[in-house]
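Dear colleague,

Please find the structure below, handed over for your reference. My notes on what was found in it follow.

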Amino acid sequence: MKILKILSAAICARAVYRERKKYVDEIDLNMLAVPPTGSYKEELQWMAWKKLLGFEKGNPQRIDTGSSNKRIIFTYEQCLMYLYHYPDIWYDYAMWHAKSGSIDAAIKVFQRALKALPDSEMLRYAYAELEESRGAIQSTKKIYENLLGDGVNTTALAHIQFIRFLRRTEGVEAARKYFLDARKSPNCTYHVYVAYAMVALCLDKDPKMAHNVFEAGLKQFMHEPVYILEYADFLTRLNDDRNIRALFERALSSLPPEKSVEVWKQFAKFEQTFGDLASMLKVEQRKKEALSTTDEEGPSSLESSLQEVVSRYSFMDLWPCSTKDLDHLARQEWLAKNINKKVEKSTVLSGPDFADKGSTGLISNSSVSAKVVYPDTNQMVIYDPRQKPGVGNFQATTATGVLAASSTLSNPVVAAVGGQTSAFDEILKVTPPALVAFLASLPIIEGPTPDVDVVLSICLQSDIPTPQLAKSGTAPMQFQSVPAPSTSDLSVSSKSHPIPSGSSFKPARGKRKNIDRKDDDETTVQSQPLPTDAFRIRQIQKASRSASASRTASQTGSVSYGSAISGDLSGSTG
């Protein structure tokens, strides 16, 4: 029993080793620990290490927890040797320790991570979160203070997060005191005011304090449309419609037209929700007049449109029309903006020669359209579906096989329309006869893309002639003076057989030797259409060779040139 147990454990370990080797083989152990650049190779290495870590975490060997954790730690340490500057690997390593119950080990990992990546705010916030979750308030506060630094290069986000931390841990007064100090910082933005106002409103339940914070920030950030919208949203929560209208009027009087678009939209939406019909239409008209100077169509924007009705009478995802109507209205609105722009016919039809002459039209309404690359239709190949396989002009004889092949191997498009090409014919003149004979045996393929199975079957059945010395000291074959025969000539003994490849070769019309006996099986095989399965082709070749060998043994002095499928030369002399 003990031997069986050891044997089963060895078999299991061998299977796990093979599985682990698949993941290890994907890792480049020569990779240097450099900061990530976003290259494809680095992404592949990152994915390979993540797969290996996931494999180890699954405990495929079914060992005890302690041994499994040692393997996982070993894998993480190996990973950090290569992905040393990846913050997500450090974070995953620390969180795995924390979930395993080893908080001290997770803290040590975070400390190592901050030494490796001292400028990573993400890791600092994650480290502070871990310390705060276990109740170490002073350690967390120290992390935030290190993040704030000397206050000169402190970001607005650091101020906001420290205010929230103080509000959670030390109360309202500590957060308010720090806010009063943070607003004096040169890096304090309107985000700090909005964040503290929301803290006062939602946590302290003090809307008056929040209103005072917004008013204090309005003196500095009146030129920020986002701050105006946040202030308006705060007043909307308080249902203070009078101050909302006053806020919009103050902001719109100071903002330039190009920066007031969103404020105008919010003002019109507010009137649609809380105002009457007269105030709604009045704000819409004022909006069109104010934004008419920024639109390219000029005074045409002052006209009323159906889109305004759809905007006024829609709610959330409910619309007073169908999706098709919305698309139609959006298209009409775009056309109305470009109705006065000139567009030349040559601009649309010029293709790659497109040039923007200063006046953009429906096709090019921006400078980006000048970068569009159009296809050159002059280089496109015209496809004629009437050209079927077997309807070619291939005519080959034993003496003129290469010449017919060279004339047929011209550009198929030109050959279909009866034209002639000189460049391709010049190439054929310097092409070896054996290669021309092989190309002549290829059939005409319907469509611009050939069928892989058909091409593979032709390659398997073709026999490219090579110079060989004849038996009994006879002179070698002269391929330079006599054109090389095509594959169909090699497969035909003295009687024509149909070629199943789709090409219409005609046999030589000379004197033929009378053959007394013909193999019925060979005729049957040659008359069948060419199969597309490579395995079936090999079966036919094997059967043809067997039939040829038996015929040679029974009939002394006869010569057989093989079948149309195999293309092998076989002969015997008595």
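Ile137, Thr140, Lys141, Tyr144, Leu147 and Leu148 of helix H7 are in contact with Ala158, His159, Gln161, Phe162, Phe165, Arg168 and Thr169 of helix H8, where contact means heavy atoms within 4.5 Å. Helices (H or I, at least four residues) and strands (E, at least two) are DSSP runs, numbered from the N terminus.

Please note that this is a predicted model, in which local features need pLDDT of at least 70 and side-chain atom pairs count only at pLDDT 80 or more, while totals for chains, interfaces and linings use all residues. Residues are numbered from 1 along each chain as its sequence is written, and side-chain values use heavy atoms, with hydrogens and water left out.

Helix packing

Two packed helices are described by the angle between their axes and the distance between the axes. Axes are lines fitted to C-alpha atoms, for helices over the stretch in contact, and angles run from 0 to 180 degrees between N-to-C directions. The axes of H7 (residues 137–148) and H8 come within 10 Å, with a crossing angle of roughly 160°. H7 and H8 are therefore roughly antiparallel; angles over 145 degrees count as roughly antiparallel, under 35 as roughly parallel, 65 to 115 as roughly perpendicular and the rest as oblique. Their crossing is left-handed. A crossing is called left-handed if the near helix is turned anticlockwise from the far one by less than a right angle, and right-handed if clockwise.

H8 (residues 156–169) also packs with helix H10 (residues 190–202): their axes come within 9 Å and cross at roughly 15°. H8 and H10 are therefore roughly parallel to each other, and their crossing is right-handed. On the H8 side the contact is made by Ala156, His159, Ile160, Ile163 and Arg167, and on the H10 side by His191, Val192, Ala195, Tyr196 and Val199.

The chain as a whole

The protein chain has 26 helices and two strands. Of its 574 residues, 33% are buried; buried means under 20% relative accessible area, exposed over 50%, and partly exposed in between (1.4 Å probe, protein chains only). Among contacts between residues at least 6 apart in sequence, 52% join residues at least 24 apart.

Salt bridges

The structure holds 18 salt bridges, a salt bridge being a side-chain nitrogen of Lys or Arg within 4 Å of a carboxyl oxygen of Asp or Glu. One of them joins Arg176 and Glu173, at 4.0 Å from N to O. Both residues lie in helix H9 (residues 172–182), three residues apart, about one turn of the helix. Arg176 is partly exposed at 23% relative accessibility, whereas Glu173 is exposed at 58%.

A further salt bridge links Arg237 with Asp233, their closest N and O atoms being 3.7 Å apart. Arg237 and Asp233 are four residues apart in helix H12 (residues 225–237), so about one helical turn separates them. Asp233 is partly exposed, at 39% relative accessibility.

Arg245 forms a salt bridge with Glu271, with the closest N and O atoms 2.9 Å apart. This pair links distant parts of the chain: Arg245 lies in helix H13 (residues 241–254) and Glu271 in helix H14 (residues 261–274), 26 residues apart. Glu271 is buried, at 2% relative accessibility, while Arg245 is partly exposed, with a relative accessible area of 26%.

Cysteines

How many disulfides are there? The count comes to zero, a disulfide being a pair of cysteine sulfur atoms within 2.5 Å.

Backbone angles

Most residues other than glycine have a negative phi, and most peptide bonds are trans. Arg62 has a positive phi, near 55°. Arg62 is placed in the loop between helix H2 (40–57) and helix H3 (65–82), and is exposed, with a relative accessible area of 65%. Asn239 also has a positive phi, near 60°. Its place is in the loop between H12 and H13, and Asn239 counts as exposed at 56% relative accessibility.

With kind regards
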